[in-house]
Amino acid sequence: MAEEIRAESYVGFDSITQQIEHKLLKRGFQFNVIVVGQTGLGKSTLINTIFASHLIDSKGRFASDEPVRQTTEIQAVSHVIVENGVKLRLNIVDTPGYGDQVNNENCWDPIIKYIKDQHSAYLRKELTAMRDRYIQDTRIHCCLYFINPTGHALRPIDVIVMKKLSEVVNVVPVIAKSDSLTPEERERFKAKIREELQYDNIRLYPFDTDEDDEEEVQLNAAIRNIIPFAVVGSENNVIIDGKSVRGRRNRWGVVNVEDPNHCEFMNLRNFLTRTHLQDLIETTAQIHYEAFRSKQLLALKEGVNQRPAQAQQ
Amino acid sequence: MKTISWSLLLPRPKLDMGPATVAKQTQPRPTSFLPPVPVNSKMTDSYASSRNGDLSPNGFANGSSPSLAPTAHTTGISPVIRKKLMGYVGFANLPNQVHRKSVRKGFQFTAMVVGESGLGKSTLINTLFNTTLYPPKEPLPPAAERPKTVAIESIGADIEENGVRLHLTVVDTPGFGDFVNNDDSWKPIVENIESRFDSYLEQENRVNRMKVVDNRVHACLYFIQPTGHSLKQIDIEFMRRLHTKVNLIPVIAKADTLTDEEIAEFKERILSDIAHHNIHIFQAPTYDNEDEETIAEAEEIASKIPFAVVGSDKIVTTPDGRQVRGRAYPWGVVEVDNEDHCDFVKLRQMLVRTYMEELREYTNDVLYENWRTEKLLSMGVAQDSTVFKEINPAARMQEERVLHEAKLAKMEAEMKMVFQQKVQEKEAKLKQSEEELYARHKEMKEALEKQRAELEDKKRKIESGRPLTPEKASTGRKKGFLRT
């Protein structure tokens with residue numbers, strides 16, 4: 001409980017923020033996202049919409065003689081986006097084949113394994129005697145989980161997978177293709193989902209910590225009220241009132257992706273990129289990675305203890 | 001007299017002279033066929049009279065005159081004799097009688113809806129029949145027990161329209177496709193359909209068949225998720241197992257989430273998937289002698305399969321003030337009854353207005369019959385083919401004789417073969433003994449030759465004067481004695 005002292009004249013150490021910024025700008029940032037959901041829910045389109053560029057292709061089955069994927073595959077794509085001198089290295093991991101088979105038992109195993117592998121790789125790099133100054137971070141910072149817009153409730157597979165995922169990564173649930181729900185249906189569906197998630201004790205990002213100040217706590221509460229985000233994605237532009245915006249045109253109307261009355265895409269985009277990007281990265285490092293690390297090291301110690309015990313016997 | 005014989009001689013079709021109804025034929029035409037005979041005018045008069053029909057000399061005293069259709073020798077099929085009525089008989093009233101009877105009886109129709117939960121099945125049924133058949137579903141609280149298998153629930157309703165009563169049954173399949181492991185989720189559904197066939201078969205085989213209740217499934221609406229890609233694995237598996245047992249009508253659910261181009265592409269992909277796996281979906285049948293309008297309608301309906309539908313049992317207000325059934329979004333209002341917005345109208349046409357009877361007929365005539373054949377064959381009931389042949393004793397005897405002769409010929413051939421075999425064996429044996437004899441003969445000959453050679457040798461020796469044995473010497477002396 002050190003007292004805060006005010007210096008008598010300007011020292012100048014408040015420029016440390018600019019020094020850090022300068023360093024960080026040179027290094028660039030790394031952000032890894034994984035998208036999980038059934039085929040045809042618009043995962044690839046949404047990613048392309050959030051980052052306003054064509055980053056990944058849809059991996060759906062378009063021809064009848066294409067075979068159906070038998071297991072969940074993990075496909076990672078890397079891109080570098082630059083905005084105002086800030087370099088963002090973006091790694092997007094797609095999971096085609098998830099939930100597509102008739103029997104979906106353990107279709108989530110490859111995903112959990114991949115996430116844990118990234119943690120494990122980082123841990124190994126950390127533990128080596130000669131390690132790099134700056135370890136390349138491939139740990140997944142955010143998982144966008146896509147929910148089918150049925151309007152009723154979560155499916156059993158959604159509950160199981162979200163529970164497992166929330167233990168290793170920050171999960172952000174998203175209602176896909178929400179232009180099939182009217183506003184009342186949407187609210188009812190969201191309330192039902194929140195109820196179910198609470199019942200199953202699934203910890204969803206954002207987490208409240210003691211360090212947050214009033215504003216941040218409020219922001220987190222607001223976010224938690226909107227989760228899951230009901231989004232519509234589109235890479236194509238349509239003309240509304242003379243302006244060209246991203247949207248979908250039907251015979252009875254035009255959905256404007258960027259209109260907060262139509263869908264919550266803007267909220268999701270702001271949440272991911274404008275307000276909580278750094279927080280996501282930090283939480284991954286501080287909470288999920290630390291949990292993994294401690295488990296691993298304890299297991300190693302157990303192993304070491306076991307061996308002398310056995311040797312004694 | 002002459003006129004009668006004349007008309008009998010000339011074959012009718014060549015006359016090119018139709019019945020009284022063919023007014024186009026003019027008088028002078030028939031004369032070209034007539035030979036230039038002085039009695040020409042008389043012939044034409046007779047023909048004129050015969051054309052009037054009342055006193056046709058051919059003996060047709062009643063009002064009708066036959067006409068062999070000229071198509072007989074143009075198409076080559078047996079001629080359709082169309083008789084023309086001269087008065088009102090009244091059997092045109094038959095359809096009305098059937099109509100009255102069936103209206104009194106009422107109609108039965110059973111539809112099944114299959115699809116993952118949340119695709120709008122109940123809403124669509126309510127929209128189709130414009131009645132709240134399915135109450136709004138209350139979602140289960142998270143603590144509730146969730147069922148572990150696919151359930152089969154059926155709701156029945158009697159609805160009436162313009163005096164026509166329809167007993168509608170809708171079979172719902174909650175739980176299909178909702179579990180983590182959906183293997184065999186189609187089994188309860190297949191079993192249900194087969195059990196309905198079973199019960200109908202049993203009713204048919206009863207002694208008293210007065211009351212036959214038909215609760216076979218006439219149509220199955222399969223709801224496809226609007227992914228925009230292709231059919232999912234579970235869709236293909238389900239359809240493959242059910243297309244031989246029920247009329248499958250695939251439907252794209254919640255189609256208001258897709259744009260026009262997406263719908264068109266999606267439909268194409270679905271149809272190519274269906275063709276690729278040889279799945280047989282319900283096709284509206286066309287008949288040959290239907291009018292243009294019906295054919296065009298049928299084609300239009302067929303071109304929209306699978307139907308992209310939107311269901312709604314609520315009334316909303318459109319931006320231009322109309323009250324319609326639809327869904328209101330912040331960006332617009334989807335009208336269910338508007339053909340531009342979705343294919344609901346076409347689906348309703350197919351299911352209710354136009355092809356309900358076709359669906360029932362197809363179920364009865366084709367699907368049920370196939371299943372029945374399978375079932376009876378598997379039960380061991382052999383197909384009695386003589387049922388179809390006409391019993392003709394002479395023919396049968398001829399057949400039997402032919403069979404008998406064939407048998408005899410076979411036996412003969414067999415015996416010949418045996419005989420040949422034996423002959424060959426004997427020959428071989430004889431040949432062998434011949435060789436043996438020959439060999440022995442040779443041997444003996446050689447032995448004899450040897451002996452002879454020996455004897456000659458001895459003889460020469462004696463003649464050369466050498467006394468071999470006393471006997472030989474004496475014989476030799478004797479010889480010498482005689483010589484001197």
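Two strands pair if DSSP finds at least two bridges between them. Keep that in mind for the hairpin of β2(B) and β3(B), which has two residues between its strands and a positive phi near 55° at B:N162.

What you're looking at is a predicted model, where local features need pLDDT of at least 70, side-chain atom pairs count only at pLDDT 80 or more, and totals for chains, interfaces and linings use all residues. Residues are numbered from 1 along each chain as its sequence is written, chains are lettered from A and ligands numbered from 1 in the order in which they are written, and side-chain values use heavy atoms, leaving out hydrogens and water.

- The model comes with an ipTM of 0.84 and a pTM of 0.71.
- Chain B has a mean pLDDT (the predictor's confidence in each residue, from 0 to 100) of 77, and 75% of its residues reach 70 or more.
- Within chain B, helix α14 (residues 393–463) scores highest, at 93, while helix α4 (residues 40–52) is lowest, with a mean of 41.
- Residues 1–75 of chain B stay under 50 in pLDDT, and the model gives them 46 contacts (heavy atoms within 4.5 Å) beyond four places in sequence.
- Residues 472–480 of chain B also stay under 50, with two contacts beyond four places in sequence.
- Where pLDDT is low, the predicted coordinates should not be read in detail.

**Where the chains meet**

- Chain A brings 46 residues to the contact and chain B brings 48.
- About 4,300 Å² is buried between chain A and chain B (accessible area, with a 1.4 Å probe, that two parts lose on being put together, summed over both), and carbon and sulfur atoms give 52% of that.
- On the chain A side, A:V102, A:R251 and A:W252 lose the most area to chain B, together 20% of what that side buries.
- The interface of chain A and chain B has four salt bridges (a side-chain nitrogen of Lys or Arg within 4 Å of a carboxyl oxygen of Asp or Glu).
- A:E185 makes a salt bridge with B:R327, with the closest N and O atoms 2.8 Å apart.
- There are also 18 residue pairs in polar contact across the interface of chain A and chain B, both residues being at pLDDT 80 or more. A polar contact is a pair of N or O atoms within 3.5 Å; within protein, one must be able to donate a hydrogen and the other to accept it, and residues adjacent in sequence count only if both atoms are side-chain atoms.
- On the side of chain A that touches chain B, the elements giving two or more residues are α4 (156–166), α5 (183–199), β8 (243–249) and β9 (254–256) of chain A.
- Of these, α5(A) supplies the largest share, six residues.

**Strands in chain A**

- β1 (residues 29–36) and β3 (residues 86–94) of chain A run parallel, paired over seven bridges, and A:V35 has A:D94 in β3(A) as its bridge partner.
- β2 (residues 75–83) of chain A pairs with β3(A) in the antiparallel sense over nine bridges, with A:V82 opposite A:K87.
- β2(A) and β3(A) form a hairpin with two residues between them, and A:N84 in the turn has a positive phi of about 50°.

**Strands in chain B**

- Six strands of chain B make an open, mixed sheet in the order β2-β3-β1-β4-β5-β6.
- Its edge strands are β2 (153–161) and β6 (307–308) of chain B, each pairing on one side only.
- β1 (residues 107–114) of chain B runs parallel to β4 (residues 219–224) of chain B over four bridges, where B:V113 is partnered with B:L221.
- β1(B) also runs parallel to β3 (residues 164–172) of chain B, joined by seven bridges.
- β2(B) and β3(B) run antiparallel over nine bridges, with B:G156 opposite B:T169.

- Most residues other than glycine have a negative phi, and most peptide bonds are trans.
- The peptide bond from A:I227 to A:P228 is cis, with omega near -5°.
- In chain B, the bond from B:I305 to B:P306 is cis too, with omega near -5°.
- A:A52 is not a glycine, yet its phi is positive at about 50°.
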